[in-house]
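Hi,

Here is the structure I promised to pass on.

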Amino acid sequence: MADTNPEQVQSHDDHTTLAQLRDLMRQFVTQRAWDKFHQPKNLAASVSIEAAELLELFQWLTPEETARRCKEDPTFRQAVQEEMADVLMYLFSMANVMDIDIARAVADKMRRNVAKYPADKYYGWYERPQSPPSV
Ligand SMILES: [Mg+2]
């Protein structure tokens, strides 16, 4: 597989494929011989750690501060963007290591969510659906 140049990856979501982003992550890991570190357990932990870093940016902000900073604060927006990228990059690496088709996984999960939360029943409202009692 030919290397993907990070500079050549289109910057817009409409033009970049998951495969291109997965290749970027695969190359990054391979070029550094970090495959030995990118094991599923380590990657799952890394996703959680990066998600916590994303959450930390919002810690103690009021809803009004959150809305303002998300809309008007370029430094804050950049920090959020970087943590979101960290989460996604570890997910891409986990998909590479476990050979999981991300698009298929999302489509399958969305299909189950649509069935679980019919729009006519959950429109503007949420409650965890009752699960049958376990035996
Ligand atoms: Mg981070």
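Below is what turned up, going from the whole chain down to single residues.

Two housekeeping points before that. This is a predicted model, so local features need pLDDT of at least 70 and side-chain atom pairs count only at pLDDT 80 or more, while totals for chains, interfaces and linings use all residues. Residues are numbered from 1 along each chain as its sequence is written.

**The whole chain**

The protein chain has six helices and zero strands, where helices (H or I, at least four residues) and strands (E, at least two) are DSSP runs numbered from the N terminus. Along the sequence that reads α-α-α-α-α-α. The C-alpha atoms fill a box of roughly 50 × 45 × 30 Å, taken along the principal axes. The radius of gyration is 19 Å, whereas a compact globule of 135 residues would have one near 14 Å; the value is taken over C-alpha atoms, and the globule rule is 2.2 Å times the number of residues to the power 0.38.

Buried residues make up 10% of the 135 residues. A residue counts as buried if 20 or more other C-beta atoms lie within 10 Å of its own, exposed if 12 or fewer, and partly exposed in between, with C-beta atoms placed from the backbone. As for contacts (C-beta atoms, placed from the backbone, within 7 Å), take those between residues at least 6 apart in sequence: 66% of them join residues at least 24 apart.

The largest nonpolar core has nine residues: Leu21, Met25, Leu43, Met89, Tyr90, Leu91, Phe92, Met94 and Ala95. Helix 1 and helix 4 are the elements that give two or more residues to this core, and helix 4 gives the most, with six. By nonpolar core I mean a set of buried Ala, Val, Leu, Ile, Met, Phe, Trp, Tyr and Cys residues joined through C-beta atoms within 7 Å. Leaving aside neighbours within four places in sequence, Leu21 is in contact with Thr16 and Phe92.

Met98 also lies in helix 4, but Met98 is exposed, because 10 other C-beta atoms lie within 10 Å. Met98 and Pro40 are 58 residues apart along the chain, yet their C-alpha atoms are separated by 7.3 Å.

**Two loop residues to check**

Most residues other than glycine have a negative phi. Trp60 is not a glycine, yet has a positive phi of about 75°. Trp60 sits in the loop between helix 2 and helix 3 (63-72) and is exposed, because 6 other C-beta atoms lie within 10 Å. Helix 2 itself has 19 residues that should span 27 Å at 1.5 Å a residue; the end C-alpha atoms are 28 Å apart, which agrees.

Asp99 is the other one: not a glycine, with a positive phi of about 50°. Asp99 is in the loop between helix 4 and helix 5, and counts as exposed because there are 6 C-beta neighbours inside 10 Å.

Cheers

Terms used: Contact = placed C-beta atoms within 7 Å. Expected span 1.5 Å × (residues − 1).
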